[in-house]
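Dear colleague,

I am handing over the structure below, and my notes on what was found in it follow directly after.

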Amino acid sequence: MVKEIIYKHQNFQIDAVDAVCNLFEGQPKLDPEKYIMDSGRTSKGQSTFHVDEYGYRNAPIDPKLTEDILLQRIQELQKKQNIIPVDSFQGMNFTTQMETGTGKTYVYIRTIFELNKRYKWTKFIIVVPSIAIREGVKASFDSMKSHFSQDYHKTARVFIYDSRKTSDLLAFVNEKSIQVMIINSQAFNATGKDARRIYQELEEFGYRVPMKVIQKLNPILIIDEPQSVEGQVTKAKLNDFCPLFTLRYSATPRDDQFYNLVYRLDSMDAYNMKLVKSISVVGMQKLGSSASNGYVYLERIETFTDKDPIARIGFDKKTSKIDHVIKNLTNNDNLYHESGELPEYKDNYIIQEIDGITNTVTFLNGLVLNVGDYVGKVDDDYLRRLQIKETIAAHLEKEQERFEKGIKVLSLFFIDEVAKYRVKKDSDVALYGKMFEEEYEIAVKKLLSEGKLSDAYRAYLTDISPSETHAGYFSEDKKTGTYKNDIKDKKEGTSDDVDAYDLIMRDKVTLLDIKKSKVRFIFSHSALREGWDNPNVFQICTLKEPGDSDVRKMQEVGRGLRLCVNQNGERMDESVLGDSVQQVNELTVITSDSYADFAKSIQNQIAKAIGNRPTKVIPKIFEGSIKIGDKTVVVDSSLSAEIVAQLRIYQYIDKDKKPTEKFKKDAAENKLELDEEFVQYQEHIINVMNSVIDPSSYKTKNKRDDNVTASVNKNNLGREEFLELWKKISRKTAYTVDFKAEELVKNCKDALNRDLKVSKVIVEIKKGSLKGIESKESMEKGEGFEETESEHQVIRADTTDNDTPYDLIGEIVEGTGLTRRTVADILTSIEPETFDKFYLNPEEFILGCTKIINQEKGSIIVQKIAYNPLDDYYTTDIFTDVTLKGKIGQNMMKAEKNVYDHVQYDSPSTELPFAEELEKSVDVVVYAKIPVHSKGFKICTPVGNYTPDWVIAFKKDSVNHVYFVAETKGDLSSLQLKGMEKIKIDCARKHFEAICNGEYVYDVVHTFEDLIKLVKG
């Protein structure tokens, strides 16, 4: 359960705070200045002076902190961060650039506390561009309250400016403690007849003008997202606050907003430092029309180990009307036949090739589709449905993997019109809300039917209805602060009523809680485009026409860049997840653009945001004053040119003036090859070179390209530890089972007489009569009849006219694998009253007998089976003779310690976390997920062949290796390992006992922790 989000002290955030606070070093630590407030009037025309009405304002900046001193400090900060220094002071404006998701709001809140601690400034005004950001900032203050109170032993009084609540403004003026006012720009930037109340005399404010009162406070102005706040009118109006100085915080400032840039953590920094999620994109691209107007859509390609790939293809099909359908198709399938012989598919729409690696399908007529592409005519509503379907699929895929880690997954939809989401009562229009519910229900039913889910996740899914798992927030909701989802005509005031505004905007902790909130899908228009975010947004879907500006796309992506948190409120960053941080933290964007267009837009915006960083290694970037030991050395244009020449000589830059891989390798070891006289500049060279960036290196992954073919890791397959282990466990065996049929018959007789339970088939018979006709409505509701009598009868097969034939012996033979003679002997040996249960419920009798006989058969087999080692072995060719294909995040995981470069897993809830722990464990040397194929490793048993899951070699200790052959299961109780499966596992134990002489550990485990207890216990 999420009680609160846990905030950590992160060095990059502390650096951003210090960058601002250190500018004013030398400022006296003065108490807020006490002054007499503006006179008020008790009524119009009567001036009354109140001598006891005092205010407290920020002390002014000490005159000794001249513009020259501040400029010098700014330039030093910029040089330290390899920012091109400004030539002149740009006024009392200071900019911090921080990528969305890295804690920009946290940084400026901490800066408020730090400025108060160092210099006793107390009056702060935060200006935001929208209601959504305003609410998000207030929620951040609330969420971080305990964190900062522990660090600074005080709290801040925070309020949202409302001209109707003048008591808040009076307290802002009168109090000496930290006071923070949050105001959205619309509250002060109107002119003329629309002039805001902040510029008017307010009776309830003693006929004072709020802005005139604020001006005398010397407030420190903080502008959140200046690129959205500072339009031409608002920019001028900001001067009306008469700020002591202004701090700007943005991920994407405009070119003219880099005023005195003091700290930079842009997209490249955040991505390379693994401070934000990685981005993958699912694009949908319309190709030029095919030879006809036939609609064809390639949804996805599914690959398998033991059979050809299939393609999920959408096309039109003729039934009573023309419908869009999506169907699994294989090579040589013909859309003309599949469509009901629609003429638009007559021109060789025959599948020629399905390529699971390139994600393409080629038709005989030359048409080639990539996954996500479509041709032909299709309406916008249907395309939006496909996007919604894709988002739900991506959501459920991620949710399965992260549920076991206690991470709630959220998805965010951006739409073009609010009216397209909200479903009016009694409307049959297929709007987004209705589309979502239909597609969600289909996707969940399919997932549940596959039977691969953990019990806990299955219970979680079945407890959430389609209507209660989505909600919306839109800019028009700000007037009421609430939104009532009427998709299922919910009644206001019921326990199911969702106040989406409060949940989404104000109660982030509840929204993150798996148990408390069922909302997992959020719909919005422009209101959540910037400012608001949630760390657990893993999917963003844009249900609108392509063509948004690059800035808007980046703002929308920014809603999901923050690293996620688990149910303890702990941030899932690199300190917790290590190298897998961006595997767990992956944001998938489902866009109406093609992948190429979307990726290009993102990189264009990144290039603009990092426009003040060097993109090539040229002499100018090395120029400036640097410290070498205790000396200050000036690197002039001549010396910088010589440094660049050195870099060319030693192949540290390429022909495009970009750092080479050789540089990155040597720089990481802090050991560059340089002529002797340049060695002293090594630290400076590395720092500057590391600041040179290439926007195209910011990788957005095409989610459609997740299909991979595993390659053999020859180093791991050839490791001494693995070969030694394989030699011990790869020997083949033959088995014998020495038991008499009479023993099985006796055991089955006793078990059936004791344990066979068969339920009776009971029919309920009710009688009633017409009591009267009151109204048409009562008849429609079935209220005209009254029940007068009911009885219940047991139906037996031997007393009915049911002529269904039952081959009782044959069906039990089929389920048990025994001979007809043995089954007949068992059935004739049981008590008459036991056999009589057949007539109560024949189907249940057959199933019950089959189950009990198999249990007894298995028990005897395990007791009597003996394995004898043969002189034949399985070679490691079983790993090279098979092709493993799959999809990253679905059934494939990158691996370093496996005998393949990817692990193919069956269960995301059991095998995936098991493999992840094997990768991380320092005790594991090498391991293999044993592939199942016709020529592969198998143990023969009387009930079929069996292949264990894993072979694991642990580090050598002082005695010997610890070897392990494992089978992972979702539930370890013997009640769950039933029938044939349990017999196979018990036989496997005896097989390994026969060939390994106790020099191994073999067992069934559920988690890696279970494994470690067995190995080290």
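A crossing of two helices is called left-handed if the near helix is turned anticlockwise from the far one by less than a right angle, and right-handed if clockwise; helices here are DSSP runs of H or I with at least four residues, strands are runs of E with at least two, and both are numbered from the N terminus. The model is a predicted one, in which local features need pLDDT of at least 70 and side-chain atom pairs count only at pLDDT 80 or more, whereas totals for chains, interfaces and linings use all residues. Residues are numbered from 1 along each chain as its sequence is written, and side-chain values use heavy atoms, with hydrogens and water left out.

The protein chain has 35 helices and 40 strands, and 53% of its 1017 residues are buried, meaning under 20% relative accessible area with a 1.4 Å probe, protein chains only.

By that handedness convention, H1 and H3 make a right-handed crossing. The contact (heavy atoms within 4.5 Å) involves, among others, Ile14, Val17 and Cys21 of H1 and Val107, Leu115 and Tyr119 of H3.

Leaving aside residues up to four places away in sequence, Leu115 touches Cys21, Phe24, Lys120, Trp121, Phe124, Ile220, Phe245 and Leu247.

Key: Buried < 20%, exposed > 50% of the residue type's maximum accessible area, 1.4 Å probe, protein only.
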